[in-house]
Amino acid sequence: MVAARADNVVKTYGSGDTTVHALRGVSIGFRAGEFTAIMGPSGSGKSTLMHCLAGLDTVTSGQVSIGDVGLIGLSDKEMTKLRRDRIGFVFQAFNLVPTLTAEENITLPQGIAGRDVDRDWFDTVVDRLGIRPRLSHRPSELSGGQQQRVACARALVGRPDIIFGDEPTGNLDSRSSGEVLDILRAATDEFNQTVVIVTHDPRAASYADRVVFLADGRIVQELQRPSADDVFEVMRTLDDDAPSLPDQPQAESSATGEDQRGAGEVN
Ligand SMILES: Nc1ncnc2c1ncn2[C@@H]1O[C@H](COP(=O)(O)OP(=O)(O)OP(=O)(O)O)[C@@H](O)[C@H]1O
């Protein structure tokens, strides 16, 4: 089952002399229950791809789907509902409401959606994240790592099909990063959720089942269950080769969701 996919997605900003080709025809599928990291040099299109997949930005052409729902052509209301019901977000800047306690932050999206919080599930998530003793604290009373764990809990409690993380460990020290990545790993292994993160950190990427590399708006390489060293090596090559990459054909395994499923198989 594919939790999300992009089919031949093109994203262009501006026009004329100032046109920026952020995505030049990206096709990729994300299998349910899989943890994917998206990497690539600065400006390669990582955040743009994630934002298009999550319905936070529109595509110039191509199609994006969450589960079996195509995002192109959805009304604002339908998009809001889809994001609320099926997508969780963890951002680099935590994005917690400063005046609310940790518990209130975690349950806020459910409240906005007018849904009851599943208390058993809430307890499971909170205990797994080790934040029960901090539930009555406000964000300013929490460390960065604790704040990010609260943000992870907020994403998990709504049981979204897919969680997107835009550099979720970008502001954390290595210990807190490890804790957050363990949680995202557990989200896939224990809770069968799908996780897609953008990261610059090879160590963070090594927690993923699959690492997809972008360069100049195209998918150029993919690794299965790589070590941090494997990831670092590819990043080094991409940084060296970046100016010549636009002429390279797109990596075959990313051509369609069907292909991706095959390519994503873990042996
Ligand atoms: N709103 C925008 N208007 C114009 N250009 C944009 C906009 N957003 C992104 N871009 C451009 O699109 C390209 C891809 O940007 P994107 O943020 O996706 O890259 P990235 O790989 O996430 O980079 P980084 O690692 O530096 O965060 C860049 O050239 C960027 O300048």
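Two elements, β2 (20–31) and α1 (46–53), each supply at least two residues of the shell around the ligand; helices (H or I, at least four residues) and strands (E, at least two) are DSSP runs numbered from the N terminus. The model is predicted, with local features requiring pLDDT of at least 70 and side-chain atom pairs pLDDT 80 or more, whereas totals for chains, interfaces and linings use all residues. Residue numbers start from 1 along each chain as its sequence is written.

The largest share of this shell, three residues, comes from α1. Around the ligand lie Tyr13, Gly14, Val20, Ala22, Gly40, Ser42, Gly43, Ser44, Gly45, Lys46, Ser47 and Thr48, a residue being counted if its C-beta atom, placed from the backbone, lies within 6 Å. By class, the shell comprises three nonpolar, eight polar and one charged residue (nonpolar: Ala, Val, Leu, Ile, Met, Phe, Trp, Tyr, Cys and Pro; charged: Asp, Glu, Lys and Arg; polar: the others, Gly among them).

Attention now turns to helix packing. The axes of α5 (residues 144–157) and α6 (residues 174–189) come within 9 Å and cross at roughly 15°; axes are lines fitted to C-alpha atoms, for helices over the stretch in contact, and angles run from 0 to 180 degrees between N-to-C directions. The two helices α5 and α6 are therefore roughly parallel to each other (angles under 35 degrees).

Helix α3 (residues 102–112) packs against α5 at an angle of about 30°, with the axes 8 Å apart. Hence α3 and α5 are likewise roughly parallel to each other.

How values were computed. Angles under 35 degrees count as roughly parallel, over 145 as roughly antiparallel, 65 to 115 as roughly perpendicular and the rest as oblique.
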